[in-house]
Amino acid sequence: MNKILQNLFLIILVSLTLSGCGSDSNKKYEGFMMPESVAEGPDGSIYVSEIGERDIDKDGKISKINRDGTIETVASGLYDPKGIVFHNDKLYVTDRDVVIEVDLDGTWQVYAGTMLFPKVPVFFNDIDVSSNGTLYVSDTGDFKESGFIFAVKPSGEIDLLFEGNDLIKAPNGVLVLEDSKLLIVDWAGDLLEGDLKSQEIKKLGEGFEGGDGLAIKKDTIYISSWTKGTIYSFKNGKTKVIADGFEAAADIALVHDNKVLVVPDMKAGSVTFIGI
Ligand SMILES: [Ca+2]
Ligand SMILES: [Ca+2]
């Protein structure tokens with residue numbers, strides 16, 4: 001009897017160890033062409049936008065890293081796809097001056113065309129979604145001070161947000177908080193919180209020059225800097241470096257029950273999973 005129990009214990013121990021090995025934190029996947037943004041799919045696979053060559057049409061694509069580590073192309077023929085976000089099993093992607101909608105089978109169409117926007121789109125960058133399907137899209141403009149943030153409503157109506165507010169210079173990362181606030185990291189370095197109702201903006205922090213992606217877990221905000229190759233955590237006004245040494249840390253995401261932070265490195269062509 002003791003022997004059986006001992007064997008059982010051993011089997012449980014071995015299977016626990018094996019499942020531990022299957023954990024995908026601290027893994028790096030390579031071979032992407034200018035990966036910009038990542039998002040978790042309904043099946044736990046990680047979707048990646050790949051710009052291809054900048055300003056070259058039809059070489060942009062969406063790939064995905066499956067749970068078993070294999071990588072496949074989902075959609076191709078795009079321009080320079082950047083921000084990606086899932087809503088109701090569809091992927092919404094900013095692609096230079098349009099927003100496209102990609103089905104899980106890879107077919108895609110333009111969802112919000114250039115002419116529908118109240119200002120001429122220059123450089124669509126990040127995208128996030130509220131629970132009702134309103135898409136929040138940043139336009140980084142000339143990367144100095146001509147940027148905008150738009151709200152694309154499910155009705156098709158598109159609003160310009162925070163109009164005329166000087167704090168909006170060259171917004172990059174956007175993240176909806178409880179459908180009422182929008183967290184923004186500006187390429188100029190400021191971390192901002194915009195109230196979607198009052199349209200007021202308050203500055204939460206600074207020093208994030210080259211700010212690209214945003215993620216949040218409880219009270220901790222994660223911010224990537226493209227130019228510095230650094231990932232920061234920001235909590236209660238305090239900034240810490242949690243990862244460094246990327247060539248160009250682009251738009252990050254928290255996945256797998258917020259246990260893994262995924263970092264696309266645009267210049268290195270890699271996607272790194274970091275256990276949080
Ligand atoms: Ca391209
Ligand atoms: Ca971005």
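Mentor: Helices (H or I, at least four residues) and strands (E, at least two) are DSSP runs, numbered from the N terminus. This is a predicted model, where local features need pLDDT of at least 70, side-chain atom pairs count only at pLDDT 80 or more, and totals for chains, interfaces and linings use all residues. Residues are numbered from 1 along each chain as its sequence is written, while chains are lettered from A and ligands numbered from 1 in the order in which they are written.

Trainee: Over how many bridges do β10 and β11 pair?

Mentor: β11 covers residues 135–139, and its pairing with β10 is antiparallel. One contact to look up is F124, whose bridge partner in β11 is D139. The β10 and β11 count is 4 bridges.

Trainee: Which strands are at the edges of that open sheet?

Mentor: The sheet has 4 strands in the order β10-β11-β12-β13, with antiparallel pairing. An edge strand here pairs on one side only. That gives β10 (124–129) and β13 (158–161).

Trainee: And what is the average twist from one strand to the next?

Mentor: Axes are lines fitted to C-alpha atoms, for helices over the stretch in contact, and angles run from 0 to 180 degrees between N-to-C directions. From one strand to the next, the twist averages 25°.

Trainee: Moving on, how many residues of β23 are buried?

Mentor: Buried means 20 or more other C-beta atoms within 10 Å of a residue's own, exposed means 12 or fewer, and partly exposed is in between, with C-beta atoms placed from the backbone. On one side of β23, V260, V262 and P264 are buried, and on the other so are L261, V263 and D265. For residues 260–265 the tally is 6 of 6.

Trainee: Which residue in the turn between β23 and β24 has a positive phi?

Mentor: β24 (residues 270–275) pairs with β23 in the antiparallel sense over 6 bridges, and L261 stands opposite I274 there. The hairpin has 4 residues between its strands, and the one with a positive phi of about 70° is G269.

Trainee: What about the β22 and β23 hairpin: which residue takes a positive phi?

Mentor: β22 (residues 253–255) runs antiparallel to β23, joined by 3 bridges, and V255 has V260 as its bridge partner. Between those strands are 4 residues, and the phi near 50° belongs to H256.

Trainee: Last one: is D68 buried or exposed?

Mentor: D68 sits in the loop between β4 (60–65) and β5 (71–78). Because D68 has 8 C-beta neighbours inside 10 Å, it counts as exposed.

Technical notes: Pairing = 2+ DSSP bridges.
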